[in-house]
Every structure is written in structure tokens, then in C-alpha cells.
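Student: Could we go through this one together? I'd like to start with the backbone and then move on to the helices.

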Amino acid sequence: MGRKKIPLSFIEDLLSRVDIVDVISQYLTLKQVGRNYSALCPFHPEKTPSFVVSPEKQIFKCFGCGVGGTAITFIEKYENLSFYEAVKRLCEITGIEFPSEFSEIDEETDILYETAYEVAKYFHSKVEKIKDYLLNRNLENTTIKRFLLGYAPETYLKDLKKDREILKKLNLVTEKGKPFFANRLIIPIFNHTGKIVAFGARALRKNQTPKYINSPENDIFHKGNILYGFYQAKENILKDKEVIVVEGYFDVISLFQAGIEKAVAPMGTSLTENHAKTLKRYAKKIVLFFDGDSAGERATLRAAEIFAKLGVEPFIARPPEGEDPDSLSRNKKLLDEIISQALPLSKYLIKLAKTSSLEEKTDTIKQVVSIFSYFDTVDPFKLRRFLSELSVETDSDIKWLKSLIKTANRSFTKETTSSKLPTPEYEKAFIKGLLERKIPSKVEISPNLFISDECRKLYILLKHSEKPPNPIELEKEYPELGGILAELSLTEFTEDEIKAALCRVLKKEIERKLRNVKEFNIKKKLKLMSINLSNKEVGGIEDILSCIN
Ligand SMILES: [Zn+2]
């Protein structure tokens, strides 16, 4: 199709025309601190801000979890997009035109997206056939259009005249060549950037089982990453900083129709940590609004626990027994009331413990403490308040409640402590020296000497580049290096620090060689080099390098 990859020149031009402070301000509240701006990091739980945005360098960096990079990298991570999608999104936000000739040049994926969209449009064109059903469900035309609802007649494979292999990849054909969906209401699944990647299908008759079927996962559809309705709700969620999580497609659709355009649902499975992380980045207030039955109750607690693990206290809205958000949307007044009266998780859990039956009380208390104990690390005061309130409300001994925390927590800390070592300062200074060409790239050391994976990778890249590398290009090719590049760009090292770092790295290299050589003369020479390097009076970089020749 003659489309080309986004050229570096376009990216550089784009980045020079936008201000990273404006871009990030659309997502986070930034506070000016000296020359920089800071905020609570959206990528890891924290109480004091370690997330920094530098208007001078046009980069961001979190000194807590290490992520960092340009405005594009920020959008990529925040919205969970590919590089290509993030560039497009940045253009969208800033009103800069995105040339249509650029593509991801992944022809096969493009064909899948295009076909899925055409199939969805075809199903949508047949929606008249189930008009009565939709009317019965109270669905208005604008809603049907907005969610591109459709109908799959038995004959769709013949009607579509599409490449069977592609339809197979989209799971629209069974192994036996039969239609995967037939005589069902079709709900196209949009991914978070608005591409149709799968279909949900609902039975239309009582004797049709199962009630729902979904496309199995395929190359473009990964359940754990997609929330139904997110694409349609995204702008509102960002604006209001609030999201409502419901159980099913029709809960999302009906809430939208009732004017609550910020509802999302996990894809026929329970909420995953990935879903929760996405929502946490977009919304300050997360309301869990599941069905009014015991399954909905259990799902609420499971989802609440996932958010608690991320240091987020969700709000809980519960429909009356037997109702769900879909059924309630016919009664807007009651619906609004229930949502506005959603309880913060702590209050909800206390209420749950307080109202549980005598036989179940001990178990319920253990369960609610176990869920809330995740706040121990992010917000110990919140946990303490919770425990004392729980103790008063359920008339239980505070010491006993605290003892439950210890047992609940043990499994938690084990899961989350990371084994990754922090990057030593001298490695950063050494790489900074190389980047600025204060240290010539001819310096030969073993890449295995680096403790930090990022520094090792950068060293190898710098070693093989003739001219000083362009950080924007490096970040584009190696997004995982965004954090270290941003940090290096924000950190100034003095001449002496760079020299000390060079000496340290060279000495490590000599030690490594000493371990590997046996010959006496070489050993002696290496030892002498090491001694020379230890001599504080070595002078400039060239003098240091002469020690090892
Ligand atoms: Zn962070």
C-alpha cells in the first residue's frame, strides 16, 4: 500500500512543537517545584511525589519506579499504547496533523483490524431484523449506533465473501467451517484505541445456550488488557477522573444511555490487575458497581482486593437484591442515588462485618482485614483508622485485629518485593560521560561488569555508534531505556565524578582480567595499572586512559 514507518524527523519535529508540561497536565496535576514540575507517580503507588517533569529537557522521570522519557513515552505508558498509537494520540491532543501515509507497516494486523471493522458494519446493517428484541431492552437508535450493535444471521459467512483464513483468525468460523456466531445479537469489542478486535454475542431466545459467547483470544484480542466501553468512556473518565466498573456489556451500554458515560466492564472474566492499573491511571475515583446477587458480592470483594493491592481504595455501589446496573438504568433517580451513595471500601467492609450473621462474623472480619491490610505499605494511617473503627463497630479486640494484619501481610510482602538492584551512581556517571563524549567510546570493557541492565545495554549501543547518539532515536528504538535516559539527562555529574567513575569501571575491568590470566608478566602489568588508577593525581581523562595502555 506504499505506506511508510513514522520517520524520526517527524517525531523530532512533533516533540519540538509540544510542551511536555502541557501534555502531562492533561493527565496529572503538576506542581511547580523550582525549575521542574512534580506529581504523584501514576505508575507506582506512592505518598510523596517522586515523579518529575522537566520543561527544559522536555522529559519526565520517576525517581521512585524508574520510568521516564519523552511526551510520547508518557502517553505510551499512561494509555498503554504502542509507539505508533502514542504518536497519533499526541497529535490528536495537540491538534497537530498526523500524516495519513505513515503506518505501523504491520500489514497482517491491519488486515485483521480492517476485516473486523467491515464484519461489524455488516452485522450492524442487519440489526433491523432484531428490532423488537432491542426495543424490548429499551435500546435507543443512537445507542445501537454508538456501540455498533448488530445481528449475525446464519448466512453471514456466505454473505461476507471474505478470505476464510482471515475470518478464521478472527474466530468468526469454527474449525468445521461453520459460523461461530449465528442468530445472535452482536456486540463488537473495541480495544482502547477504538479498533474492533473481537465480538461478544448474546442469545436471542430463551432456549439458546449459552447466553453469551465471546470471540476466543487471537492475535489482536487479549482479554486481560481490554475493558469493554473504555474506548467510548475514555474522554469522560479523564475529564471527571471517575470510572464505574460494571459486570457486563449491557450494564455499560445502559448506563451510557442513561447519561452515565463512564462505565466499563471486564471481558466476560473477572477484573485483572492489568485492568486495574489502567483504570488507576485514568481515574481518582473508582466505583465498583456489580450485580445485586451473591456472585456480584463476591466479584466486588475480589476486584476491591486487586485495587487495594495497588494502593487504591475503590468505592462500592450495590444494587438492591436481584437488580443490576442494566435493570436499574430504567429508573434514573434510583440509579443516581445508588451511585452517589457508593461507600469507600473501608466503610463498606466495616458494614459487611457488622451486618454479618453471628456464625459468619469471625470469618468475615478475617476476610475484610485481609483485604484492607494491603494498605499497610502505602497508607498505614488509613489501615490504622480502619482497624480502630472496625474494632468499635464490631466490638472486637483491636489486638486481635492487629494480629490478623501480620498474617495477612506476610504473603503480600513476599509477592511484591523486587529483586532488582538499584543502578550504582558510578555506572550512571560513566554512561553520562560516554553520552557526552567526555569519555571516548573506544574504552573497552566487558559489558558484563555493569550491575544495571539498562547501563549495560546503553554501553553496548554507544560502543557501536560512530556519532553521539540521538536520545530521541534511542528511546524510540529501545523504549525500555527511556527511564535511564531521562534520569541521565536530568542528572548533572561534575568532571571529577565522571573521572572517578571511569577509574572505578576500569579497575573493575582490570580485576576481571586478573581473574582470567595466568601469565606472571601480564598479571604484574595489570596490577601496576590498577595501582596507577588508584593514584588520585592521575589528572584528566586522557591521563587516566594512558594508565591502561
Ligand atoms: Zn513511579
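Student: Which loop does Pro 210 lie in?
Tutor: Keep in mind that this is a predicted model. The peptide bond joining Thr 209 and Pro 210 is cis, with omega at about -10°. As for the place of Pro 210, look in the loop between strand 8 (196-203) and strand 9 (212-214).

Student: Is Asp 395 buried or exposed?
Tutor: Asp 395 is found in the loop between helix 19 and helix 20 (398-416). Its phi is near 55°, a positive value in a residue other than glycine. Exposed means over 50% relative accessible area. Asp 395 has 72% relative accessibility, so it counts as exposed.

Student: And Asn 171, buried or exposed?
Tutor: Phi of Asn 171 is also positive, near 55°, and this residue's place is in the loop between helix 9 (164-169) and strand 7 (184-190). The cut-off for buried is under 20%. With 16% relative accessibility, Asn 171 therefore counts as buried.

Student: How is helix 16 oriented relative to helix 17, roughly parallel or roughly antiparallel?
Tutor: Helix 16 (residues 345-355) packs against helix 17 (residues 361-372) with the axes 9 Å apart and at an angle of about 170°. Angles over 145 degrees count as roughly antiparallel. So helix 16 runs, relative to helix 17, roughly antiparallel.

Student: Which residues does Ser 391 touch, leaving out those up to four places away in sequence?
Tutor: Ser 391 is found in helix 19 (residues 380-394). It counts as buried because its relative accessibility is 15%. With those sequence neighbours left out, Ser 391 touches Ser 396, Ile 398 and Leu 401.

Conventions
Residues are numbered from 1 along each chain as its sequence is written. This is a predicted model: local features need pLDDT of at least 70, side-chain atom pairs count only at pLDDT 80 or more; totals for chains, interfaces and linings use all residues. Side-chain values use heavy atoms; hydrogens and water are left out. Axes are lines fitted to C-alpha atoms, for helices over the stretch in contact, and angles run from 0 to 180 degrees between N-to-C directions. Helices (H or I, at least four residues) and strands (E, at least two) are DSSP runs, numbered from the N terminus. Angles under 35 degrees count as roughly parallel, over 145 as roughly antiparallel, 65 to 115 as roughly perpendicular and the rest as oblique. Buried means under 20% relative accessible area, exposed over 50%, partly exposed in between (1.4 Å probe, protein chains only). Contact means heavy atoms within 4.5 Å.
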